[in-house]
Amino acid sequence: MRNTRDLRAEILSLAAELAADPQAKGRLHVVAPAIAEATIRKEWDSLLPAIAAKVRARMTLAVDETQAASGKARRVAEGSMVHLDKPNYRFEVLRLLLGASLEDDGPQPELGIAAHIEGTQLGLVDALGASPTPVRSALVALRDAGLIDSLRCLEIAPEALSMEQLSRIGALPQTLRFRFERGARIKAPAELVQRAVPLLGPKGPKGWKPFSLSGTPVAQADVPALDLMGAPRLDLVANIPRSDKTFDPAVMRLLDDGLEPEPNVLAPAPVVLTLVRAGTRFDRDAGIGQARCAHRCDVFLSLLDMGLRDQALQYIKERE
């Protein structure tokens, strides 16, 4: 049990089962919870009055905090890990070609020097750390979608990109979204950015080494005249090895101990983590403290994802 939201769901689920069987009695047994026992019992007491008297009379609660080191507790902990999708090479290839376009490198040769990003010259295969087959397949898909003219001369026009188009051709990255759990103090995105900067610095925690700052703070640092009113959310880019199968969301509690995964992709989220699975990183210093900042292509894509396409286009125009 990691949060009160899940606790309430279990209480109501137990009540529903007992309502369907008038002869049954039920006990909610909470093992090795991540929230305090006092909080669990307070939630139990506050929710029971909303349940029919004949049902709640047959409901009991047991909290066992002694099995934290048991195999059962370990299985609970493992269940909190987030499953990672396989790398989306359509997105990864598009991202690198977009980065080369924003560096004004011009058309790139197929599988050749296709990513002159931040002074680094790498081919697509080397930059991604992938075999030629998925890279070529991704290039064919981008060509068929009209994003590149041919497989021999690769160039992507940022002005041609939109979230609707990327969704239609399956070129979207996996993103992990986080919300504030019930009872936590809600922080404004600007405060979350301030908290993230030292975590992203050279002395930041090991768990945050894969992360870089993206989104509106970096866009405004690059282009101060950009038409933006504050930060609608905190955007981070996570450089995750292609071999990783899971991600531990507990690392986000270093930013705020009230954060938890947001499973609803349509719900607003104050923190959004975009996963990049390329073998090569392109971090940079954008002048936001000592924080690692994402490449301009990631910033551009984050603005698109927030529905700020006009600002995204202004961002690349002002950078030219």
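What percentage of the 320 residues in the protein chain is buried? I looked this up and found 50%, where buried means under 20% relative accessible area with a 1.4 Å probe and protein chains only.

**Ground rules.** I am working with a predicted model, in which local features need pLDDT of at least 70, side-chain atom pairs count only at pLDDT 80 or more, and totals for chains, interfaces and linings use all residues. Residues are numbered from 1 along each chain as its sequence is written, and side-chain values use heavy atoms, with hydrogens and water left out.

**Confidence.** I checked pLDDT, the predictor's confidence in each residue on a scale from 0 to 100. Its mean over the protein chain is 85, and 86% of the residues reach 70 or more. For residues 68-79 I found pLDDT below 50, and eight contacts of this stretch beyond near neighbours in sequence; a contact means heavy atoms within 4.5 Å. Residues 106-121 also have pLDDT under 50. For that stretch I noted 61 contacts beyond four places in sequence.

**Overall make-up.** I listed twelve helices and eleven strands in the protein chain. These are DSSP runs numbered from the N terminus, helices being H or I with at least four residues and strands E with at least two. Of the contacts with a separation of 6 or more, 73% join residues 24 or more positions apart.

**α1 and α2.** I took helix α1 (residues 4-20) and helix α2 (residues 37-47), whose axes come within 10 Å and cross at roughly 45°. Axes are lines fitted to C-alpha atoms, for helices over the stretch in contact, and angles run from 0 to 180 degrees between N-to-C directions. The two helices, α1 and α2, are therefore oblique to each other, a class left over once under 35 degrees is roughly parallel, over 145 roughly antiparallel and 65 to 115 roughly perpendicular. On the α1 side I recorded T4, L7, R8, I11 and L12, which meet T39, I40, E43, W44 and L47 in α2. By class, this contact has six nonpolar, two polar and two charged residues. Ala, Val, Leu, Ile, Met, Phe, Trp, Tyr, Cys and Pro count as nonpolar, Asp, Glu, Lys and Arg as charged, and the others, Gly among them, as polar.

**α5 and α11.** I then looked at helix α5 (residues 89-102) and helix α11 (residues 296-305), which pack at about 115° with axes 8 Å apart. Helices α5 and α11 are therefore roughly perpendicular to each other. From α5, F91, R95, L98, G99 and L102 meet R296, C297, D298, F300 and L301 of α11. I sorted the residues of this contact into six nonpolar, one polar and three charged.
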